[in-house]
Amino acid sequence: MNSEKDFAPLTPNIVRALNDKLYEKRKVAALEIEKLVREFVAQNNSTQIRHVILILASEFALSQHPHSRKGGLIGLAACSIALGKDSGLYLKELIEPVLTCFNDSDSRLRYYACEALYNIVKVARGAVLPHFNLLFDGLSKLAADPDPNVKSGSELLDRLLKDIVTESNKFDLVAFVPLLRERIYSNNQYARQFIISWIHVLESVPDINLLDYLPEILDGLFQILGDNSKEIRRTCEVVLGEFLKEIKKTPSSVKFAEMANILVIHCQVADETKPTNDLIQLTAMTWMREFIQLAGRVVLPYSSGILTAVLPCLSYDDRKKYTKEAASACNHSLMKLVTPEDDEEEDEEKSGSTGSPSREAGQPKTEADSNDMLNASQESVGFSNISFFTPASADRPQVTLDLDGIVQVLDRHLHDHSTGMMTRIAVLKWLYHLYIKTPRKMFRHTDGLFPMLLKTLSDESDEVILKDLEVLAEIASSPAGQTDQVGSCDSADNKLELKVPDGAKTVDSFPSTPSMNSYFYKFMINLLKRFSLERKLLENRGAFVIRQLCLLLHAENIFHSMADILLKEEDLKFASTMVQTLNTILLTSAELFQLRNQLKDLRTQENCALFCCLYRSWCHNPVATVSLCFLTQNYRHAYDLIQKFGDLEVTVDFLMEVDKLVQLIESPIFTYLRLQLLDVENNPYLIKALYGLLMLLPQSQAFQLLSHRLRCVPNPELMRTVDESKYMDTKRQVSKRASHSQVDYNELLQHFDRVQSKHLEVRHQRSGRASDHPDRKLM
């Protein structure tokens, strides 16, 4: 330093001592400066005071010589002490040179700078708050200082500053938040500790409403929550917990919409190998649960993003039990927010006319309807592979359900083979719920969803299949699905087209209740097509699927429509197998009790039409046809059919079916038939038909069973009672039942012959290929 330079009013001794390498001499100089400044204060000589501060700052604190800088720092601190309560008038000149020294490469000098600033702040107290951002910025750097002494000194200064902020009611939060938002993304562990401690302090001050600015720092808080330090994570958990408590107390003032996407991001795990991500996900999911419950329909525009985050969590195992429970609560609460009002058309709002007609449910959505599609974003730090969603109706005053986005999310999860079972169930529950609450809008998506819903019938889980059937049943029965288009649904595996019967081009052309729509017949066609293409599905799940559909869509509708379709089926082997399956279900399932009772009573035109419809398709399987006649008590016709069995090709499979029929005759379903054997005179064809089956069977267990049953048939003379009137009444009832019959049995026999001729022709065509299996035919 130039010794000849004028440093007045500082004396040469003070200047020399400030430049000394010994701390004690610099301290003596500081005391002299303090004394000098006190004199200026007494004289109210602010000009000289500023001149002293300027010299200490420019010539010493900002000097190139390290000892001079140390002297300048202690001198500035002495000035502040001498100024006392008046130091607030000169804080800018006092603080800025000290903060510059925070960046010095010499750790000792950084420590002295920290010490000097501590003394300045201690004297000024609340007067430093206008310069808080500068102080905070400097402290945030020292918090990560590698030198332990510097770090210790910064902690003392930090505590002092926190005390001042806590005591004051003049803290400028608006000016501070931008700096906080910037520094909160620091990856340094000590800087994070510093940041989270300040947020904790500010959040606890009653006069500081940090909750208003939570959307700006929430993402950073979740980043800090993933820190490797257990202490930092614990502090961050406490801070987030305090924020959540405050949100619950004052939900009306919370900016839920601005934070929804932040939670969506952190509810999704970007790196499952990082243990702290579990804590982030659980915390975010817990917040999401509270947000949905507190904000209600405000979160609906973000529903597609929420579902993207929530649905995979539903398949977590016990290792993530609490996350799974929170996700389940989110899913349930979000589903309850969807109401019938979400099915209202948006055209009226867009056109500004309240009287304009709404679009038809089946009309394809226009380009304007696609504005609510989900949009991916990769703006969040460290979450480049996470789905981020923008609100569907940010510019609209009314909250709108993001239905397009939701359907895309649900469809994507259905297509994903890695999706867990509970997630698939939740997806199907969502689809069912949407078809119930918003049927008109949902049917715009039905053609896209339909193939995947059919494919889901091949799922390994019975519960998934059951939920899938509920969705398909709702699609098939909803009035909103009424269109004039009936046919097979387009799909990738469209290898086989099952023909629709002639005249089945409109809804009224197939038997159904008024609740059935055009998708019902489409569903039946494609279900049979899937059974045809996937025989294992038919074998393993066919009966289960059909029985559940009978419960959901009325058994008569199911059997009548399938019979119509199978009547024109070109794959005769499949038709025979399918008829056998349907017949077994008809005869054995409790769900078909009412339908069996209908078929037993052929005195009505409707029941006769049902019988004839089933009979024509049942002709693909001779044994099934006979069992249908037994069920409907058409014993004479059954006998006539069995007489024709002599002209059929009797195979092992055929005999196995007869064997099963004998077993069924001994089951509770045919109790009425066995009791009718007591009335020999009025049921001669029943006995003949049973004897006909007996003659078809080889000497087997079934043969012995039926033979024993027929030996129990009583002598008709012994069964006659003294009361001849009752006997005559029985005969009259049988005669009356026959007279009311509206069935042309001759025509049915001719139809049976035609169908069996087709089957015989097909078998003959295959005989060349199957000639190496002659043992399959029994003559």
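R69 is placed in helix α4 (residues 66–83); helices are DSSP runs of H or I with at least four residues, numbered from the N terminus. The model is predicted, so local features need pLDDT of at least 70 and side-chain atom pairs count only at pLDDT 80 or more, while totals for chains, interfaces and linings use all residues. Residues are numbered from 1 along each chain as its sequence is written, and side-chain values use heavy atoms, with hydrogens and water left out.

**Exercise 1.** Determine whether R69 is buried or exposed, and describe its surroundings.

*Solution.* Step 1: R69 is buried because its relative accessibility is 13%; buried means under 20% relative accessible area, exposed over 50%, and partly exposed in between (1.4 Å probe, protein chains only). Step 2: the R69 side chain reaches the backbone oxygen of Q64 at 2.9 Å. Step 3: not counting residues up to four places away in sequence, R69 touches F60, A61, S63, Q64, D104 and L109, where contact means heavy atoms within 4.5 Å.

**Exercise 2.** Locate F132 and list its contacts beyond four places in sequence.

*Solution.* Step 1: F132 lies in helix α7 (residues 132–142). Step 2: F132 counts as buried because its relative accessibility is 2%. Step 3: leaving aside neighbours within four places in sequence, F132 contacts L161, V165, F171, F176 and W198. Step 4: the C-alpha atoms of F132 and A175 are separated by 9.3 Å, although the two residues are 43 apart along the chain.

**Exercise 3.** State what F559 touches, not counting residues up to four places away in sequence.

*Solution.* F559 touches I546, C550, L582, I585, L586, L592, L595, L614 and W618 under that condition.

Note on methods. Helices (H or I, at least four residues) and strands (E, at least two) are DSSP runs, numbered from the N terminus. A polar contact is a pair of N or O atoms within 3.5 Å; within protein, one must be able to donate a hydrogen and the other to accept it, and residues adjacent in sequence count only if both atoms are side-chain atoms.
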